[in-house]
Amino acid sequence: MNQAHLIHVCPDFGNQKVYRNLVRQLEKMNFTQQIFVAGKISETPGRNFDWKSENTSYHFSPLVKPAHKIFFTSKMRAIFAEFSKSISIRPRSLVHAHYLFSAGKVALDLKRRAGIPYVVTVRHTDVNYFFRWKPHLRR
């Protein structure tokens, strides 16, 4: 039987315990996983990158610049380019975008380009920051 493959796109993976617990539980269910984190240029990978696993790989890329707060499209091009270089798409892949904005846009672009299905988790920041202060991103 083919193993299910899950790709996490999660900007804050390194700093939240919930993500580490999620990955560990999915690993127990025999998922192979890749975790892609596009962090801030000044950021380090964070505490969740310190454990090793045979079935889970991590890619941390500090590429988000302060100007990307204003230039969302430029940010998304940079993130998707790095994602495309770093993450291998396998049979039976599913993308889990851990935020609607940024991670969700990567998942949507991947669906459009390669037909990979995805799920999105909408978080507090998506609703109370992006929807409120950046209405042009609602399209």
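Predicted model: local features only at pLDDT ≥ 70, side-chain atom pairs only at ≥ 80, totals over all residues.
Residues are numbered from 1 along each chain as its sequence is written, and side-chain values use heavy atoms, with hydrogens and water left out.

β1 and β2 pair in the parallel sense over five bridges, two strands being counted as paired if DSSP finds at least two bridges between them. V9 has F36 as its bridge partner in β2, and V9 also stands opposite A97 in β4; β4 (residues 93–97) runs parallel to β1 and is joined to it by five bridges. On β2, Q34 in turn stands opposite S57 in β3, and Q33 stands opposite T56 in β3, as part of the eight bridges that join the parallel strands β2 and β3.

## The sheet as a whole

Five strands form an open sheet with parallel pairing, in the order β3-β2-β1-β4-β5. Its edge strands are β3 and β5 (118–120), each of which pairs on one side only. Neighbouring strands of the sheet are turned by 15 degrees against each other on average, direction ignored, with axes taken as lines fitted to C-alpha atoms (for helices over the stretch in contact) and angles running from 0 to 180 degrees between N-to-C directions. Helix α3 packs on the sheet, touching β1, β4 and β5, and its direction makes about 155 degrees with that of β4; contact here means heavy atoms within 4.5 Å.

## Burial of the strands

Five of the five residues of β1 are buried, so β1 is largely enclosed by the rest of the structure; buried means under 20% relative accessible area, exposed over 50%, and partly exposed in between, for a 1.4 Å probe and protein chains only. H5, I7 and V9 point one way from β1 while L6 and H8 point the other way, and all are buried. β2 is mostly covered as well, with eight of its nine residues buried.

β1, helix α1 (residues 17–28) and β2 make a right-handed β-α-β unit, a crossover being right-handed if, with the strands pointing away from the viewer, the path from the first strand over the helix to the second runs clockwise. The loop between α1 and β2 contains N30, which has a positive phi of about 70 degrees although it is not a glycine. Most residues other than glycine have a negative phi.

## Helix α2

Helix α2 (residues 72–86) has 15 residues and reaches 21 Å from its first C-alpha to its last, close to the 21 Å expected at 1.5 Å a residue, the expected span being 1.5 Å times one less than the number of residues. The buried residues of α2 are F72, K75, M76, I79, F80, E82 and F83. They cover an arc of only 165 degrees around the axis, which puts them on the same side of α2; the arc is that of the directions from the helix axis to the C-beta atoms.

These buried residues pack against β1 (5–9), β2 (32–40), β3 (56–64) and α3 (103–114). The face of α2 turned away from its buried side carries the exposed residues T73, R77 and K85.

Terms used:
Helix = DSSP H or I, 4+ residues; strand = E, 2+ residues; numbered from the N terminus.
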